[in-house]
2 protein chains.
Amino acid sequence: MTPGPAAHRSADRGAPAAPAAGDPTRARRHDPQRRERLIDVALGVIAEHGVAGTTHRRIAAAADVPLGSMTYHFDGMDDLLHAAFTVLAERTADVFDATLSAATSRADAAEAVVGLITGTTLTSPETMLASLELYALAARRPAFRSITDAWMARSRAALHTHFDPETALMLDALIEGTTLHRALSLDPMGVGTVRAAILRIVRP
Amino acid sequence: MTPGPAAHRSADRGAPAAPAAGDPTRARRHDPQRRERLIDVALGVIAEHGVAGTTHRRIAAAADVPLGSMTYHFDGMDDLLHAAFTVLAERTADVFDATLSAATSRADAAEAVVGLITGTTLTSPETMLASLELYALAARRPAFRSITDAWMARSRAALHTHFDPETALMLDALIEGTTLHRALSLDPMGVGTVRAAILRIVRP
DNA sequence: GCATCATGCGTACAGATGTACACACCAGTC
DNA sequence: GACTGGTGTGTACATCTGTACGCATGATGC
């Protein structure tokens, strides 16, 4: 839907002003980053149509590459989904890590968590929608479970630098729940309530 | 190919071996509860294969009904999914309601919540897997969003009979997150940690 | 008894999908 | 300049999917 604020997104999803589709001898594409771009586009398709509605053809069309390019770059649908969700988890964990490691005190860290939950980076529609698809997949398939395992381990480790292990676990769960809640609820919790909940969990 | 009246035996459909040999022309089913049974079976198929892997044929096979029965009872796949997820949400909310309304004090209610999270009724694998599929669908499609809206409203209302509105919201989020956490984590939070988290949220 | 019609059943069919594969082309290396 | 191996492209094809539709049947009301 909305392009989203991600700065690292390469170009646009649409055709880069292709040289007239009617041209039978369209210049061959030299596209060294194609695989990464396909993964990016795939995440968008997953967010918009769900895993159920994600097809090679849809991704190829959205990325403006021929269908054959899909089977060249990925060993089938599962490989593609795995690659895409791995990127999603790593990106998200990177932001989480960076934000938390910038905090210099418990209070700072708590406020950083509030910011992550109520901000727009971790909880952009595309990220949330794709994450939910990953959760559903990971709960059923061990191959995808390892992605969420690594992701959760990183989150816990980041929280653990500021909070004791048990509190880190609780915080992790609360973050998960609040994020989900805010994504699904028509009338989501306000920032004040989020902050109050975090403080109740972390207060000594 | 030919529409001839040659033996139309339904035995090739992987009959459940129960009627077996003595009955080549299996008696016509009289099955007044079929629709409800199909919904039940559908939830199982959704839990096992995800919405992406849920097909009319799979459900029909699992329920041991002919394919044609699907289009007779449901107006297409969307109608089927909607019906199934509605049943899932109502069942779950019923349990939640009943358990919480049996509590007679704040402490009772808090412990009831701990029981719901760590018990096996609300968090059976099938329920969790299907719920995650519903979440992913609801986040994208308004028609399914209304199911989760109603569900969340009932949860909040049930919590609201024991806790102030803000605490009820926080609890709801924490429950969601802890449940998800326990479903996805290899090393889930123990009962003690769950209880401690609930108490931190509800303590005055 | 029997008429009726909601329910049950088998099958056909158009379209979509994953995947394989043969060929075209470009960037380096000698 | 020729070679070569990776990269890009178009298309074919078996399979699966949703759905429609005609016929069978027996429960129900008379």
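The C-alpha centres of domain 1 and domain 2 of chain A lie 27 Å apart. Keep in mind as you look around that this is a predicted model. Domain 1 of chain A covers residues 34-73, and domain 2 covers residues 87-202. Below, we go from these domains to the helices, then to the pairing of chains A and B, and finally to one glycine.

**Two domains in chain A**
- Domain 1 of chain A brings seven residues into contact with seven residues of domain 2 of chain A.
- What kinds of residues does domain 1 of chain A use on the side that touches domain 2 of chain A? They are five nonpolar and two polar residues, with no charged ones.

**Helices and packing**
- Of the 204 residues in chain A, 37% count as buried.
- Take the contacts in chain A between residues at least 6 apart in sequence: 62% of them join residues at least 24 apart.

**How chains A and B pair up**
- Chain A can be superposed on chain B by a rotation of 180° with 0.0 Å of shift along the axis, giving an RMSD of 0.1 Å.
- This is the relation of a two-fold axis.
- Both copies use the same surface, as 100% of the contact residues of chain A recur in chain B.
- Chain A gives 38 residues to the contact, and chain B gives 38 residues.
- Which elements give two or more residues to the side of chain A that touches chain B? They are helix H6 (125-140), helix H7 (142-160), helix H8 (165-184) and helix H9 (191-202) of chain A.
- H8(A) supplies the largest share of that side, with 14 residues.
- Sorted by class, the side of chain A that touches chain B holds 24 nonpolar, seven polar and seven charged residues.

**A closer look at Gly50(A)**
- You can find Gly50(A) in the loop between helix H1 (34-49) and helix H2 (56-63) of chain A.
- Is Gly50(A) buried or exposed? Gly50(A) counts as buried because it has 23 C-beta neighbours inside 10 Å, and the cut-off for buried is 20 or more.
- Setting aside neighbours within four places in sequence, Gly50(A) is in contact with Glu133(A) and, across in chain B, with Val51(B), Ala136(B), Leu137(B) and Arg140(B).
- Gly50(A) and Thr148(A) are 98 residues apart along the chain, and their C-alpha atoms are separated by 18 Å.

Conventions: Residues are numbered from 1 along each chain as its sequence is written. Chains are lettered from A and ligands numbered from 1 in the order in which they are written. This is a predicted model: local features need pLDDT of at least 70, side-chain atom pairs count only at pLDDT 80 or more; totals for chains, interfaces and linings use all residues. Copies are superposed by least squares on the C-alpha atoms of residues with pLDDT of at least 70 in both. Helices (H or I, at least four residues) and strands (E, at least two) are DSSP runs, numbered from the N terminus. Ala, Val, Leu, Ile, Met, Phe, Trp, Tyr, Cys and Pro count as nonpolar, Asp, Glu, Lys and Arg as charged, and the others, Gly among them, as polar. A residue is buried if 20 or more other C-beta atoms lie within 10 Å of its own, exposed if 12 or fewer, and partly exposed in between; C-beta atoms are placed from the backbone. Domain bounds come from an automatic or database domain assignment.
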